[in-house]
Amino acid sequence: MIKNEEIQRHTIAVLVDNESGVLARVIGLFSGRGYNIESLTVAEVDATEKLSRITIVTSGTKMIIEQIKNQLRRLVPVYKVHDLTTEGPHVSRELALVKVTATGDKRVESLRIADIFRARAIDSTNESFVFEVVGATEKVDAFISLMAPLGLADVSRTGVVAIARGPNPI
Amino acid sequence: MAHHDTLNGAEILLKALVDQGVEVIFGYPGGAVLPIYDELFKQNRLRHVLVRHEQAAVHAAEGYARSTGKVGCVLVTSGPGATNAVTGLADAQCDSVPLVCLTGQVPTHLIGNDAFQEADITGITRPCTKHNYLVKNVNDLARTVHEAFHVARSGRPGPVLIDLPKDVIQSKGEYQPPSKVKSKYKPQVKGDIKAIEKAIEMIAHAKRPIFYVGGGVINSGPAACQLLTQFVRMTGYPCTLTLMGLGAFPGSDPLFLGMLGMHGTVEANMAMHDCDLMINIGARFDDRVTGKLDGFSPDSKKIHVDIDPSSINKNVVVDLAVVGDCAHVLEDMIKVWKAKQCRVNESALKAWWKQIDAWRGLKCLEFENSNKLIKPQYAIQRVYELTRHRNPYICTEVGQHQMWAAQYLKFDLPHHWLTSGGLGTMGYGLPSAMGVQMAHPEALVIDIAGEASIQMNIQEMATLVQHRLPVKIVILNNQYLGMVRQWQELIHGGRYAESHMDHHPDFVKLAEAFGAVGLRAEQPGQVDDVIKEMMAVDRPVIVEMRTDASENVFPMIMPGMAHNEMVLGPEDKSRDNPGSEEDGMVLV
């Protein structure tokens, strides 16, 4: 066995039948075999074919990542498994809703930072804002950490969605 | 099909089973499946075997499937009926046995209500089935059944469960024949020809090659076993088989080195360790085969042929992988070998066989016989010698007796050896033998058992008697959970915690109480007589052999050790250095 092998992070796109239990199968596979899930998003992407797309961000050694993909392919309602990290350039985005409760200078500062991050205020009261920020995971992390000293009250994140660059579908 | 809309769900179900070639169902009735039993009562195309416990129904279907190559079929009720079947499903999943298990379910409007005899069986069995379905609409029923059989038998086979709410099997709907159903599930069966050409090149240039063959070849079918035998003989290379692979290559062939792994032969394990090319066909580098991964065949190139891509590079990194069905890949391998007019390296092969013959010369399976106590190895040898002319089907339970059976019985044909390999389920043998006997009424079917394992499904004796299934059960009674006792002796300082059973039933009387025949041998001189008597009786028989309680299974690779670190017998001092738990290697 190769030991102490480098742990890599991979973004995997999985096309599945949108049927009951399919998400439980995927999640059960990860928990049952001890794989990591750093982020998982799922939604229907093709209503006529009833297909959903799951985007999973996971980490492991090269051998484990191969296993994850092969184990996913073994599931009967799974059609396509694509490792976006290894198959060429891709873009990934995450959306976060960030509630900041503040007045005075801190409130003004939060607006100023939101402007830098191109985050939009989608709800406001006299003592709070809800910002919508979109970007790569690192950008969203940075935005949230900058808001922390300014009265960060609540965060809701979608997890990562990703797609390959260029004209071809997966 | 003019009257198709007059069928109820239960009728649709049975019609679909018939169209899928089902002949026998192993099952147990209950409230949620009564409408199905009502329809079974009204027809005579499907036979039903009434078991005494649902776990046994699944093992019986496994026995039926593994001895015929067909898909086994199980029918049980909701709740406890379904949960009792779980061990059998997990067993079939581990050993890749094609099954369809039909479970009753409470009516759809009660699902999630904690109704009487409700269990979330699709949830419970998700990790221990290949796939499962909950049918919510009677018009999906026929399609689901056809797809379930397709999934169970295609690719790497496995158990598929269909959960059937009572209202669905009672409502009226439409039947669809199999020809109308298209499944998107299509595993790859043809191997990549470039990879196969590369493999042949590696095989032709090997100096110290070995074929390491597993149950995948047996699952692929008799054609795969024939092709394997042909190919191995063309090369003249040595061949070893896993526990699940026994019978894939003739056990009497001089190229066969015996089983490998924890209780494999010296020649098989040493050849695996020292080879320069390992040709794995349909085996999965199981931990019971590899031993310590750090020390596993360190200097070899490895080729791996498997239908399941997730088996490749899972435990052992290989140099060349061919994903495909063993029969297809072997056929292509033989074609390429012939087309390229490959020649083996004769002088290297001669030297390799000389080395292997030296290992063989150690005669690692020899044991010291006794004229006072029945040695378990002797009992198995006698069973083999006295029954081999009838090509018996052999089932086993799990433990020492199972390993001795694997070591001392020789199988020249596939599908005649049925044992619980992956899950190691005590209680597998008797119900599995029941399923074999249903499929092969004229055949000699023997369950080799231990006195502990047999008691895990002993209730099935009644099923044997009721259905006139003349299964022969040979119990090697050493009064211990033998394999547990062996590990306690070798690894846990001889502290025999809970491995001794003070009290056992009188197995002869027990057989008679069930309406079967009971025989007993207490001395070596009686062994042949009871085996002959057992063969002469056309009824189920229990033969109890009182065996030497102190006997251990050797050779043995101690947990955490490598193939070249075998313990050969009780006198071998290397057993005083058990393996370490370093490097994340846990002793199991």
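Me: What makes two strands a pair here?
Reply: DSSP must find at least two bridges between them. Strands themselves are DSSP runs (E, at least two residues), and helices are runs of H or I of at least four, both numbered from the N terminus. This is a predicted model, where local features need pLDDT of at least 70, side-chain atom pairs count only at pLDDT 80 or more, and totals for chains, interfaces and linings use all residues. Residues are numbered from 1 along each chain as its sequence is written, while chains are lettered from A and ligands numbered from 1 in the order in which they are written.

Me: How do you know that S1(A) and S4(A) pair?
Reply: Five bridges join strand S1 (residues 8–17) of chain A to S4(A). The definition asks for at least two, so they count as a pair. They run antiparallel. In S4(A), A:Val78 is the bridge partner of A:Val16.

Me: Why is the sheet of chain A called open?
Reply: Its four strands are ordered S2-S3-S1-S4, with antiparallel pairing. Strand S2 (39–46) and strand S4 (78–83) of chain A stand at the edges with a single partner strand each, so one side of each has no neighbour in the sheet.
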